[in-house]
Amino acid sequence: MMTNNSKDKVRQLQNKLYLTAKKCSTRRFHALYDKVYHTDILMEAWKRVKENQGSSGVDGIRIEDIETIGIEKYLGEIQKELIDGRYVPSPVRRVMIPKLDGKQRPLGILTVRDRIVQMATKIAIEPVFEADFMSCSYGFRPKRSAKQALEVVRKACNNKGYYVVEADIQSFFDNVKQGKLMKLVEQKISDRRILKLIRQWLKAGVMYGNILEGSELGTSQGSVISPLLANIYLNTFDRLWEKYGLTHGKLVRYADDSVIVCKNKKSANHALELLRYIMGKLDLTLHPTKTKIVCMWDGKEGFDFLGIHHRRMVSETSKGATYKETFQYSSKKAMKKMKAAIKENVNRRSLLVASEEELFKTMNPKITGWRNYYQLANGCRHWTGTSSAHLPDGITRKTRGVIICQR
């Protein structure tokens, strides 16, 4: 069963499905289930699940255990279950992740088996929906990233975007209407077995310790298929904004986080009203305090988006002329998380006896990840208090982000 070119075959299949869906936006796909249990797709799904790692689900089986059992044997059993129609997902193990503000965020942990099947299903159906998704959406999509979204926001703010609407959907993943979500899925897919799989995952329930609770509302935050389902649900928001909201402002959405960049306060007020109306149609609620209009004009206010703070500041050219532009640097909340991670990994009692080499091995991947994400074009201003004209010799606009990790 093991194939070395599974990635290439998966890419070819996805390209074919995408182009077919792109040619006819009203087409519904009725033969996708056989792709889910295809040998190459199951193998590619396993590779991606293994790469993401993660804890064991309610069955206690870890990725290492599957490698001990034998990957081919394990995937063969899953394949047979899917072909025979005997596959039934396990409940989601619920864990609470502490937040910096003292609150807790619920996270669902699926079994490795369910993660593999969800990944295989995602591989098969994602191209069908990708052909329909709007350009304003950047979250959890192929060839799209948070940094691309941040660059669009920066340019929009610099292009007379003096007012920004911060949109925060209250408990989005817990409040998605499953019936409405399934109707949106059915607009593109008519394969009953695929629809049955998705319904099973939505209804699988959550395991709190030894207590099983049914789930009639929402999707499991932390599951493989959840980001795709979120994009399917919120694509209605994107389409309605494309139809009615473009005159008010530019929408940039990353999963359930959104900002709308407007040129004046009147447009921002209209944008917020339209935003509330659309969310009402989707049976969603905007957070009463986190959703707000921010004035960027004088630099007294700023906003956070994707862990980055945006604020209008004065820059200076090499000839001494001044102008205003939008600066992006790590938010206070993001900095607090980084400091907490360093403290956790350096000051833990169990690590007091660790050697320098062990600490380097633990911390270097984290620091590299932070540098890669927070290394933005003008983020150095926040850290050095200097404009681009007064940077130290040898430090250019492209290299300033590295200072963040060196200081």
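Below are my entries, in the order I made them.

**Ground rules.** I am working on a predicted model, where local features need pLDDT of at least 70, side-chain atom pairs count only at pLDDT 80 or more, and totals for chains, interfaces and linings use all residues. I number residues from 1 along each chain as its sequence is written, and side-chain values use heavy atoms, with hydrogens and water left out.

**Confidence.** I checked pLDDT (the predictor's confidence in each residue, from 0 to 100). The protein chain has a mean of 88, and 90% of its residues reach 70 or more. By element, I found the highest mean in strand 6 (residues 250-254), at 98, and the lowest in helix 16 (residues 401-406), at 37. Helices (H or I, at least four residues) and strands (E, at least two) are DSSP runs, numbered from the N terminus. Over residues 385-407 pLDDT stays under 50, and the model has 35 contacts beyond four places in sequence for them; contact means heavy atoms within 4.5 Å.

I traced an open sheet of 4 strands, antiparallel, in the order 6-7-3-8. Strands pair if DSSP finds at least two bridges between them. Strand 6 and strand 8 are the edges, each pairing on one side only. I get an average twist of 20 degrees from one strand to the next. Antiparallel strand 3 and strand 8 share 4 bridges, and V164 stands opposite V294 in strand 8. Helix 11 (residues 226-244) lies across strand 6 and strand 7 (257-262), at about 175 degrees to strand 6. Helix 12 (residues 265-281) also packs on the sheet, touching strand 3, strand 7 and strand 8, and makes about 15 degrees with the direction of strand 3. For these angles, axes are lines fitted to C-alpha atoms, for helices over the stretch in contact, and angles run from 0 to 180 degrees between N-to-C directions.

I then followed an open antiparallel sheet of 3 strands, ordered 9-10-11. Strand 9 and strand 10 (residues 308-316) run antiparallel, joined by 4 bridges; F305 has I308 in strand 10 as its bridge partner. Helix 7 packs on this sheet, touching strand 9, strand 10 and strand 11, at about 155 degrees to the direction of strand 11.

**Rings.** How many aromatic pairs does a search of the whole structure find? I get 6. Rings of Phe, Tyr and Trp (its six-membered ring) pair if their centres lie within 6.5 Å; planes under 30 degrees apart are stacked, over 60 edge-to-face, the rest tilted. Y33 and Y37 are edge-to-face, 5.7 Å centre to centre with 75 degrees between the planes. I also noted Y162 and W297, edge-to-face at 4.7 Å and 85 degrees. That pair links distant parts of the chain, 135 residues apart. F172, F173 and Y233 form a cluster through ring pairs.

**Charges over rings.** K324 lies over the face of W297, 5.9 Å from the ring centre. The charged end of R27 sits over the ring of F29, 4.9 Å from its centre. My test was NZ of Lys or CZ of Arg within 6 Å of the ring centre and within 35 degrees of the ring normal.
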